[in-house]
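Reader: I am new to this structure and would like to learn how to read it. Could you take me through it step by step?

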Amino acid sequence: MPFDLVLAIETSCDDTSVALVNSSREVVGLRSVSQDDVHAPFGGVIPELACRNHTMKLLPLVNEVLSQAGVEWDSIDGIAVTVKPGLIGSLLVGVTTAKTLAFIYDKPLIGVNHIEGHIHAPFLKFGEYSPPADFDYPFVGLCVSGGHTSLYHVKSLGKYELIGRTLDDAAGEAFDKFGKQIGLGYPAGRHIDDLAKGGNVAAFDFPRAMMKKGDLNFSFSGLKTSGSMLVKKDPSIAESSKSDLCASYQEAIVDVLVEKLQRGVVAAGVKRVVVTGGVSANSRLRLRLEAWALAEGIVCLVPPIQLCTDNAAMIGLVGLLRLNIGERSKLTLSPEAYLKVSELV
Ligand code: KG4
Ligand code: ZN
């Protein structure tokens, strides 16, 4: 019997999220609670605080999503949960909760890879958003967040080729670390995005790394160091030229992301692209992607922000697809912090 409705749980980092997804790929319910306020005073995620907060938030959130959607346990066909990669304590809260619920309510369980979730997010239907009816595999997927910057050739469900990845920092980390240095709150990406709106993208000359022909990998540590040295040399510019500084710094990141996507579609020989992860909320990136896709005749999907940042709906969709091809996880399922070298996602 096909699986029609899945309850999904995502707790891989610092967002607690619960969703209901149906077999028409509709998000029937979604609630995500950010812990930004908890971690902001520390300028980064504190793993122990993250898992303690998941423990407090998760079960009430499950009840809230079910009651808001008017869904009873009887109508749920399975439970999907993020099993890897992520912070081990955070993953453990989600996986333990999902296993317990699966046991109590006698539902099939499926562990889902977080990155696989991200690259499937654009397939979801959520509010006003739905992908073009003919959008399908294969495509190039760019997952760009605080923890990841990876480029995949997505051939079909479960068939992914990693064609580019960051060799050091993730793009979101480059935003956050620089933002911290110029006195912006954590996470700084959205503040830099806002401040950049009034700034000159060419005011400062920041490096664009690994742009040698054919290279599909990323590196943001040089950019981070360059930003840091500039501000250390003349701290006054962090105040007097904040907008220009943000616009120029952001442009360096966006230039690299768009260029690598262009190389990715050439390497994979496809004309479809998906961009997800927290950084895909960036307004300048969205604008540049739109212009690039139009000029190159590419279908480029960037889902709504709630589906770009960490969320359980993307986990629910992959869980549903996998349950429907007969996959199940055992109740001995254990979270894994890292991906194995042989694993692409
Ligand atoms: O996917 P996400 O919510 O969590 C993970 O890192 O997995 O992504 C968070 C990242 C942070 O680095 C944050 O600064 C960045 O996404 N971000 C942005 C914007 N909104 C969030 N970066 C640039 N511009 C934005 N508007
Ligand atoms: Zn993520």
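**A helix and its surroundings**

Author: Let us start with helix α5, residues 171-181, where Ala-171, Gly-172, Ala-174, Phe-175, Asp-176, Phe-178 and Gly-179 are buried. Buried means under 20% relative accessible area, exposed over 50%, and partly exposed in between, with a 1.4 Å probe and protein chains only. Helices (H or I, at least four residues) and strands (E, at least two) are DSSP runs, numbered from the N terminus. This is a predicted model, in which local features need pLDDT of at least 70, side-chain atom pairs count only at pLDDT 80 or more, and totals for chains, interfaces and linings use all residues. Residues are numbered from 1 along each chain as its sequence is written, chains are lettered from A and ligands numbered from 1 in the order in which they are written, and side-chain values use heavy atoms, with hydrogens and water left out.

Reader: How should I think about the directions in which helix residues point?

Author: An α-helix has 3.6 residues a turn, so residues three or four places apart point the same way. In this model, the buried residues of α5 pack against β6 (139-144), β7 (149-156), α6 (189-196), α7 (221-233) and α9 (242-268). Contact here means heavy atoms within 4.5 Å. After α5 comes Gly-183, which has a positive phi, near 80 degrees.

Reader: Why does Asp-176 count as buried?

Author: Because its relative accessibility is 18%. Asp-176 sits in helix α5. Setting aside neighbours within four places in sequence, Asp-176 is in contact with Tyr-186, Pro-187, Ala-188 and Gly-189. Asp-176 and Gly-146 are 30 residues apart in sequence, and their C-alpha atoms are 8.0 Å apart in space.

Reader: How do I read pairs of rings?

Author: A pair of aromatic rings is described by the distance of the centres and the angle of the planes. Rings of Phe, Tyr and Trp (its six-membered ring) pair if their centres lie within 6.5 Å; planes under 30 degrees apart count as stacked, over 60 as edge-to-face and the rest as tilted. By this rule there are 11 aromatic pairs. In one of them, Tyr-137 and Phe-139 have ring centres 5.9 Å apart and planes at 10 degrees, so they are stacked. Both Tyr-137 and Phe-139 are buried. Phe-178 and Tyr-249 are stacked too, because their centres are 4.0 Å apart and their planes are at 10 degrees. Since Phe-178 lies in helix α5 and Tyr-249 in helix α9, this pair ties together parts that are 71 residues apart in sequence. Ring pairs also link Phe-123, Phe-135, Tyr-137 and Phe-139 into a cluster.

Reader: Which residues coordinate the zinc ion (ligand 2)?

Author: For a metal, look at the donors: N, O and S atoms within 2.8 Å of the metal (3.2 Å for Na, K and Ca); water is not among the atoms, so sites may look incomplete. Here the zinc ion (ligand 2) is coordinated by His-114 (NE2), His-118 (NE2) and Asp-310 (OD), at 2.1 to 2.2 Å. His-118 in helix α4 (residues 114-120) and Asp-310 in the loop between α11 (305-308) and α12 (312-324) are 192 residues apart, and the pair links distant parts of the chain. The donor residues follow the spacing H-x3-H-x191-D. His-118 and Asp-310 are both buried.

Reader: Where is Lys-271, and what does Lys-271 touch?

Author: Lys-271 is in the loop between α9 and β9 (272-276). Not counting residues up to four places away in sequence, Lys-271 touches Glu-296, Gly-297, Ile-298 and Val-299.
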